[in-house]
Amino acid sequence: MKIICIGRNYADHAKELKNDLPTEPVIFMKPKSAMLLPEKPLYYPEFTKDLHFECEVVVKIEKNGKYVQQKFANKYYSEITLGIDFTARDLQREQQKKGLPWEVAKAFDGSAAVGTFVKLGEGLDVNNLDFQLKLNGETVQDGHTRDMIFKIDNIIEYASKFFTLNIGDLIFTGTPAGVGPVKIDDTLEGYLQGNKVLDVSIK
Ligand code: MG
C-alpha cells in the first residue's frame, strides 16, 4: 500500500506557512513504513527539533483504479478517518530552501498516524464534515471539509492519472490552519463530527 498526501489544500493553512495557493493539487507520498497504527505512540525522532502535527481527513481506497473520473471517484471509498501528517518542520524548511524533496521531513517512520475508520453515509457526507484536533485537551485545529481547495473526488481523479490506486491505499487530504509543534508527553486527539477517532501520544 502507499500513502498519497495532499499539501496546501486549505487556504488558511497555506497562508499560515506563507505558501501561494496551488492551482493543481500538491502531491507527495509516504511509504507503508510511515504508518503509525491506532493507539501506538510516536517516539520523538532524534533528527528534528521541531516536530509538527497536521491533522487531516484520511480516505481509504477500496477499489483498484487508474484514470478515475471525478464523477465515479466516490465508488472508490466508503470509509474515512482522521490522521496526522507529522512533519519535521525544521528539515522541511531546509529542504524547501534548497529546492530538494521533502521525504526526510514528512515520510519517516511513524509520520502517518491513522485513526479508526468510520463508514460514510447516514449523515456522514464527505464534503460536509467538521473535525478538530485537541492537543492536551485544548482545541488547536478546527477544520471543515467544505474548505478544501481540491475536494476528495477531484484529488482521486488527479492522483490516479499518475499513480494506480490500489485497495488499501490511503489519501491524506491536507490540513487546515493551526498546525504547531509537539513535545514528549503530549497527547493528540482527533474528533470527526464530534466523535473521537484518533488518539496519539508522543513519547
Ligand atoms: Mg499535511
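Gln92 touches Thr87, Trp102, Ala105 and Lys106, leaving out residues up to four places away in sequence; contact here means heavy atoms within 4.5 Å. The residue is found in helix H2, helices (H or I, at least four residues) and strands (E, at least two) being DSSP runs numbered from the N terminus. At 5% relative accessibility, Gln92 counts as buried, the cut-offs being under 20% relative accessible area for buried, over 50% for exposed and partly exposed in between (1.4 Å probe, protein chains only). All of this comes from a predicted model, in which local features need pLDDT of at least 70 and side-chain atom pairs count only at pLDDT 80 or more, while totals for chains, interfaces and linings use all residues. Residues are numbered from 1 along each chain as its sequence is written, and side-chain values use heavy atoms, with hydrogens and water left out.

Gln92 also turns up at a cavity: together with Arg8, His13, Leu17 and Glu54, it lies nearest the centre of the largest one, which has 19 lining residues. A cavity is a set of points, on a 1 Å grid over the protein atoms alone, where a 1.4 Å probe fits but cannot get out, and lining residues have an atom within 4 Å of a point. By type, the lining splits into four nonpolar, eight polar and seven charged residues (Ala, Val, Leu, Ile, Met, Phe, Trp, Tyr, Cys and Pro count as nonpolar, Asp, Glu, Lys and Arg as charged, and the others, Gly among them, as polar).

Glu54 leads on to the metal site. The magnesium ion is coordinated by Glu54 (OE), Glu56 (OE) and Asp85 (OD), at 2.0 to 2.1 Å. Donors are N, O and S atoms within 2.8 Å of the metal (3.2 Å for Na, K and Ca), and since water is not among the atoms, sites may look incomplete. The donor residues follow the spacing E-x1-E-x28-D. Glu54 sits in the loop between S4 and S5 and Asp85 in strand S6, so the pair ties together parts 31 residues apart in sequence. Both are buried, Glu54 at 4% relative accessibility and Asp85 at 1%.

Then there is the nonpolar core, a set of buried Ala, Val, Leu, Ile, Met, Phe, Trp, Tyr and Cys residues joined through side-chain atoms within 4.5 Å. The largest has 45 residues, of which Phe86, Ile156 and Leu188 touch the most other members. Its largest share, four residues, comes from H4. A second, separate core of 10 residues includes Ile3, Phe28, Ala34 and Trp102.

The buried residues of H4, among them Ile155, Ile156 and Tyr158, pack against S1, strand S2 (26–30), S5 and strand S12 (170–172). Asp153 lies in this helix too and is buried, with a relative accessible area of 17%. Neighbours within four places in sequence aside, Asp153 is in contact with Gln70, Ala73, Asn74 and Tyr77.

How values were computed
On a 1 Å grid over the protein atoms alone, a cavity is a set of points where a 1.4 Å probe fits but cannot get out, and a pocket is an open set with protein on both sides within 12 Å along at least five of seven lines; lining residues have an atom within 4 Å of a point.
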